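Here's a quick briefing to read with the model open beside you. Take it one topic at a time and look up each residue as you go.

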Amino acid sequence: MIADAFEKLKRSVSVEDAHDFASTELEDVWKAVREIDSAQRKRQSAQNLRRVEPLLKSIEKYAKIIEVLCNGTPFLPYAWVRFSQ
């Protein structure tokens, strides 16, 4: 049942998004948050992205454990990406 659900999810994700899921690291997320924050400040429309810092710091704590769990399991990286969004 899990394998079937994974295959259905895999078919619904574009090749580009699948590549992004596989290659995006938490450092990339931090960089994107900083870039968004900087752009918003320049437009004087900042949304206080510092509020996501505690979430990202918590994810950092669990990231190493999740990486070990994801090794060898094709659907867990997708679940991890979905959970962390």
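Arg41 counts as partly exposed because its relative accessibility is 45%, where partly exposed sits between buried (under 20% relative accessible area) and exposed (over 50%), using a 1.4 Å probe and protein chains only. Its partner is Asp37: the two side chains meet in a salt bridge at 3.0 Å, N to O. Before you go on, note that this is a predicted model, where local features need pLDDT of at least 70 and side-chain atom pairs count only at pLDDT 80 or more, while totals for chains, interfaces and linings use all residues. Residues are numbered from 1 along each chain as its sequence is written, and side-chain values use heavy atoms, with hydrogens and water left out.

**The salt bridge**

- A salt bridge here means a side-chain nitrogen of Lys or Arg within 4 Å of a carboxyl oxygen of Asp or Glu.
- Side chains of opposite charge can pair when their charged atoms come close.
- Searching the whole structure turns up 1 salt bridge.
- Asp37 and Arg41 sit 4 residues apart in helix H3 (residues 26–42), which is about one turn of the helix.
- Asp37 counts as buried because its relative accessible area is 14%.

**Gln40, also in H3**

- Gln40 is another residue of helix H3, and it counts as buried because its relative accessibility is 11%.
- Setting aside neighbours within four places in sequence, Gln40 touches Ser45, Ala46, Gln47 and Leu49, with contact meaning heavy atoms within 4.5 Å.

- Tyr62, Ile65 and Leu69 make a nonpolar surface patch of about 330 Å².
- Patches are built from residues with over 30% relative accessible area and no salt bridge, joining like charges within 9 Å and nonpolar side chains (Val, Leu, Ile, Met, Phe, Trp, Tyr) within 5 Å.
- Tyr62 belongs to helix H4 (residues 53–70), and it counts as exposed because its relative accessibility is 52%.

**The whole chain**

- The protein chain has 5 helices and 0 strands, so called because helices (H or I, at least four residues) and strands (E, at least two) are DSSP runs, numbered from the N terminus.
- The protein chain has 85 residues, and 16% of them count as buried.
- For contacts between residues at least 6 apart in sequence, 51% link residues at least 24 apart.
- The chain's accessible surface is about 7,200 Å², with 56% of that belonging to carbon and sulfur atoms; areas come from the Shrake-Rupley method with a 1.4 Å probe, and for residues only the protein chains shown count as cover.
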